[in-house]
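Reader: I am new to looking at protein models. Could you walk me through a few features, starting with contacts inside a helix?

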Amino acid sequence: QVKSCHLSAALLGEDSEISQEQLYELLKYAALGKCHNAAQPSWCRIYHQSHLAGVVVVVLHEMSQLHFYRFYLQFKHLRRMFRHRFTLAPSANFPLSLYGEGTNLKPQNTPQGLTSTSSECITKSSDLQCDPIIQRYGEKKQGLTSYTLTLEEQKKNDYPIEGSPGCKGYISTECDQQRTDSSPLFGLDCEMCQTAKGNEVTRVSLVDARGQCLLNELVKPESTVVNYRTRFSGITRKMLLPVKTRLSDIQTRLKKMLPHDAVLVGHSLNSDLQALEMIHPSVIDTSLLFARSEGRRFKLKFLAKAVLGKEIQCEQKLGHDPTEDARAALELAQFFIEQGPTKVAELNLEMLLTAEKLAEVSQNKAVLQPQGCGFQEQLNEPPPLSKPCFLDCLQVTGQKPLLLGRQGLDSSGLCQSNLSTSNKQILQRALEDVPLSKFSIIQFTLGPEYLASHLHAGLHEKVSSKLTDMLTIYAGPFEENFCMKSVKKEFGRCGPIQSLTVVTETFQPYVCIQYEVLEAAQLAVECLNGAEVAGSCIKVQRPVTAAMLDCHVLIKELELDVENQGVIYVAGLKKSLTETDLQEEFSQLKDLETLFLPKDLQSGKHRNCCFLKFQKTQSAVDALEAINGWTMKGSELRSRNALAPGHLWKWIWQMNHSNGKQGKHIFYEKMEQLSDSEQDLRKKVKKLDLHIKKLYRSLQKNTLCVVLFPGVNSTHGSQPGLGLMGIKDDEGRSAC
């Protein structure tokens, strides 16, 4: 019996923005599994990867998150098919990023077995001269002082420096003695969590030159923890509950433990020292020591495997072990010092040679033949690949990647050309060929006439305007000398208020309230319409504009969005309550999975509301019933179903603070007809939605499908992208 594959991704709140590299990480593991040095993604998890029937990536060319929410109702099927959604950082050259050939592909994404002795490397002296390590350090061995960062290098790489404006209050290690090549080395690594203040230390490890652990201590952050980052840090709320040690205690202990000529070693050590709020004058940073061209860096996990032959940060462990990481960084520095730059350069050269061999094999096999629809005219000579991508690895294993799209959209040269085709033709070819391929990339487009920068600007203005209207409510009428404080208090119990102004154009006073979250505005309409506030029986309504005539439809569809299933919004919280307090208060609720406490992105303070995600939808329904009218620390709570998916909260906040419509006092505005171009665009989006539905329905069970709105990153402005993903189950839905 074939096991069902499923996907796990904790994408609630501000952690749901995914970089191009993280997306590549997911696709590589889904396509290759543990072969070719592919590892589970850091931000989500695929269970039973070996049973995946295939991977299908649908790219909606030149479309962004803005398009999805502008045409939310038109994307009827797309928004119902996938359980996981994330904001995608935009890329200047998305196809290259996706295929793994661009600058986002780091050298750790290379096949296993790259390390060897120098006698096995086919290198030339002239090649060594071009290596960044040789160019920086020369070929001869040198003492450790030659590899410590200069003051300028520390400033360039954001190290805390004595007297810098950002280092006010930082503690110096007072290790001010002259360094020599015999000065002692100490490996340092910290694990951090995200708090209202920023990154704060939760664990510190220090090892001596022999690798012996001198310090391995848990630290309680000063501020409220927003995200424990357990997947990386290994830290949980339960672990920190009994901890009494504070950052000041660790600073004092480190000052006592380090001799006056100590040299600290770490991987991206600037982050650790910033979190420790400590200044140390002499450091070796292994992420910079093992230099690469164009400022790229190796990950510590890769270096430990390739140089030391050690496996660290294993998938079986929960989070990173800071002692293991500190020891690995120390040993890497010791290897570099003892073996010299030439030995290290030869290791890097061997990786490049292996990558070139992989590229030659893939080109000689000529696997990427025309599949009915090409991206670009074939180049006379295919461009040399300086780094391997997982498509090459697929070809070496005998699998044939399928790439379908429209002419002129891709600049990678991976596919041969064909005549320009329509989305319908691409779909027909995909329905025929996708079942025959383990990895497919299907690229649709709305057409060049809809991709102009001024149209993006128009979309942004319309989405921003509608969002502002949905966040705004009008309440009244009130008596002439009503108490504004009472109004603000009552409406504030529905959620965080962005602005509150009095409307004076009416016979009796009204109040215009703009909220920061959609749920708060809807809660105010539902709870306070017809209620008595500040001595008056009031009416609560949204602005009446042309764009708002279908607001009730949009609200209903947002409630039914798969991203919001099992998620409820709770308002009326006292700001003095911490995340720990809320975890304890809500612990009695059955099947509670995640608590997300939004915060002001400028001040870092949390708001008077939170989102609760439950493992089961029915548990969320039960919790909603239990919480309404619940009193917590003397404050009565209000709650409702969530409307804005977690990935959208930060985007809403940014748009809410960037538009110019705050506090407008207009009830009615002139009806404007949609332009012909926008009417046509809506029809095209509907057709595109149907194409994706047909393609998804044709996929086999256990197929990972990822739909990408790549985002826009150009001189005219930047818009984040959007990703939707899921593994198809027996019933044609996306499995969790």
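Author: Gladly! Look at helix 17, which covers residues 423-433: Arg429 and Glu432 sit 3 residues apart in it, so about one helical turn separates them. Helices here are DSSP runs of H or I with at least four residues, strands are runs of E with at least two, and both are numbered from the N terminus. Before we go on, this is a predicted model, in which local features need pLDDT of at least 70 and side-chain atom pairs count only at pLDDT 80 or more, while totals for chains, interfaces and linings use all residues. Residues are numbered from 1 along each chain as its sequence is written, and side-chain values use heavy atoms, with hydrogens and water left out.

Reader: What do the side chains of Arg429 and Glu432 meet in?

Author: A salt bridge, meaning a side-chain nitrogen of Lys or Arg within 4 Å of a carboxyl oxygen of Asp or Glu. For Arg429 and Glu432, the N to O distance is 3.9 Å.

Reader: How many salt bridges does the structure hold?

Author: There are 20. One of them pairs Lys310 with Glu331, at 2.7 Å from N to O. Lys310 is in the loop between helix 13 (300-308) and helix 14 (322-339), and Glu331 is in helix 14, so this pair ties together parts 21 residues apart in sequence. Lys310 is partly exposed, at 37% relative accessibility.

Reader: Now the backbone, please. Where is the cis peptide bond?

Author: Look between Gly476 and Pro477, where omega is about 0 degrees. Pro477 belongs to the loop between strand 16 (472-476) and helix 19 (484-492).

Reader: What is the phi of Asp158?

Author: Phi is near 65 degrees there, a positive value in a residue other than glycine. Asp158 lies in the loop between helix 7 (151-156) and strand 6 (171-172), and at 48% relative accessibility Asp158 is partly exposed.

Conventions:
Buried < 20%, exposed > 50% of the residue type's maximum accessible area, 1.4 Å probe, protein only.
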